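Colleague: Could we go through the aromatic pairs and the sheet beside them? Please start with the ring pairs.

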Amino acid sequence: MKIIILGAGRVGYSVAESLVSERNDITVIDTDAQRLQELQDRFDLRGVLGNGIDVQVLAEAGAADTDLLIACAAQDETNLVCCKIAHMVFGVRTRVARVRAAGFDVSQPLLGPEGFAVDTIICPEASVMRYILKLIEYPDALQVREFAGGRACLSSVRARLGAPGVGMRIGDVRMHHPELAMRIVAIYRRFADEPDRFVRCDGSTRIEPGDEVFVLAASEHLQQMLNVFHRPSGQPARAVRRILIAGGDPVSLHLAQALATEPGRFIVKIIESDPRRCEVLAAALPSEVLVLQGNPTDEDLFADESVEETDLFLALTEDDENNIMASLLAKRMGASRVLALINRRSYADLMHGTQIDIALSPAQAMLGEFLAHVRKGDVQAVHSLRRGVAEALEIVARGDRKSSKVVGRPVEALKLPPEVHIGLIIRGLPDTEDIQAQAEGVEPEVIIPHSHTVIESNDHVVFFLPNKRLVQEVERLFRVSATFF
């Protein structure tokens, strides 16, 4: 695809890095010459210096024959106006805008073809908030990503000694838990001082303590699956109740507001160093949320607020170093689980495997929302994993046996690379146009595929790909031939 990215900041950099590796034709527009030069020195892309709302700059970037515009500059206004110009002047087919302000919806006339002409709105704070809320709902998980409108999930979990499934072969886990609709699709294992290494899964693969296990499961079975790999036998899952947030930035505000919608369920405290920001937070949040003025790395403040009783500590400031130090301090003082928001990829890599339970990159949390517009075929959802190396993909099978290479064929007959795992099939999920099926309340079925399982038209198939270079082969396999039309 030919893609224009407006903005060479953190999000633009991450998007460019991911898309360039897939041999797309990328042009980045930014007003900062140094940022553009850094991108051009590192990646095979073209930089155009200028403002994205300047028609001449867009023309120089090649907007006349561009397939996709991703507007992720710092200012919402710039992104919206750029989408409008790209649509009106150059006829760019797909336009995605990063918008921080709340209240925007692509169904509004304001964002429709007669308005700003935005196909998709992506909000970084909302992406991070959704990511964290899933971790609060499933506190044993390292991450939870949804497919098929939330009917299925991909989760990663750290295998703990004493949990029922740890020490077992994968085939034995299936035999002992036949009631669970789940499929282990990948294991990442640490060998000595090396980075975690991908371990391909088959029935004879043994799950060892410390493994990061990736499992696709029906949503209703997710907690049971986590118990199998993370909870010692007989130990109940501990719900998250006490939450301490370091930093009063917008993502902290939105998260605290979301948690406050269930009065009495959570005890939430926010530590913020700026007194004026504290006033803004206190005014915007209900009285149940306690806002404290102080340094997010103050050991005495942590002790006064009983950090050792905290179920989840979240370091969400805009300073990576502060987030890392605050998380390490909170963990050392007894916090059960800590998460640090880390923008710099090199820092996130360094923190992997340390006392910080989860190192979350905002760009990685929202990258899949961009990738869904780049993937070919009928791709419904994309999630970038393992710091952009791996990917989970939901794609819909279309056509019939004559026009499709997958429909009407058993899984064992599909010509997939050996590393690619078909994790789940969701069958009976109505199209948005299928009004009758929606009215009748047809309940979709989550299927764990076996070698003899036959793919049907309109099946939603979820894959795990340990390397993004495999994406194109999967897309080609699901492509419908011209005879279908």
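**Aromatic pairs and an open sheet**

Modeller: Six aromatic pairs are found in a search of the whole structure (rings of Phe, Tyr and Trp, the last by its six-membered ring, with centres within 6.5 Å; planes under 30 degrees apart are stacked, over 60 edge-to-face, the rest tilted). This is a predicted model, in which local features need pLDDT of at least 70 and side-chain atom pairs pLDDT 80 or more, while totals for chains, interfaces and linings use all residues. Residues are numbered from 1 along each chain as its sequence is written, and side-chain values use heavy atoms, without hydrogens and water.

Colleague: Why is the pair of Tyr188 and Phe198 called tilted?

Modeller: The planes of Tyr188 and Phe198 stand at 55°, with the ring centres 5.6 Å apart, so the pair is tilted. Tyr188 lies in strand 9 and Phe198 in strand 10, 10 residues apart (strands are DSSP runs of E, at least two residues, numbered from the N terminus).

Colleague: Is Tyr188 buried or exposed?

Modeller: Tyr188 is buried, at 6% relative accessibility, whereas Phe198 is partly exposed at 25% (buried is under 20% relative accessible area, exposed over 50%, partly exposed in between, with a 1.4 Å probe and protein chains only).

Colleague: Which residues form the ring cluster?

Modeller: Tyr188, Phe198, Phe214 and Phe464 are linked into a cluster by ring pairs.

Colleague: Now the sheet: what is the strand order?

Modeller: The order is 7-8-11-9-10 in an open sheet of five strands, with antiparallel pairing (strands pair if DSSP finds at least two bridges between them). Strands 7 and 10 each have a single partner strand, so one side of each lacks a neighbour in the sheet.

Terms used:
Helix = DSSP H or I, 4+ residues; strand = E, 2+ residues; numbered from the N terminus.
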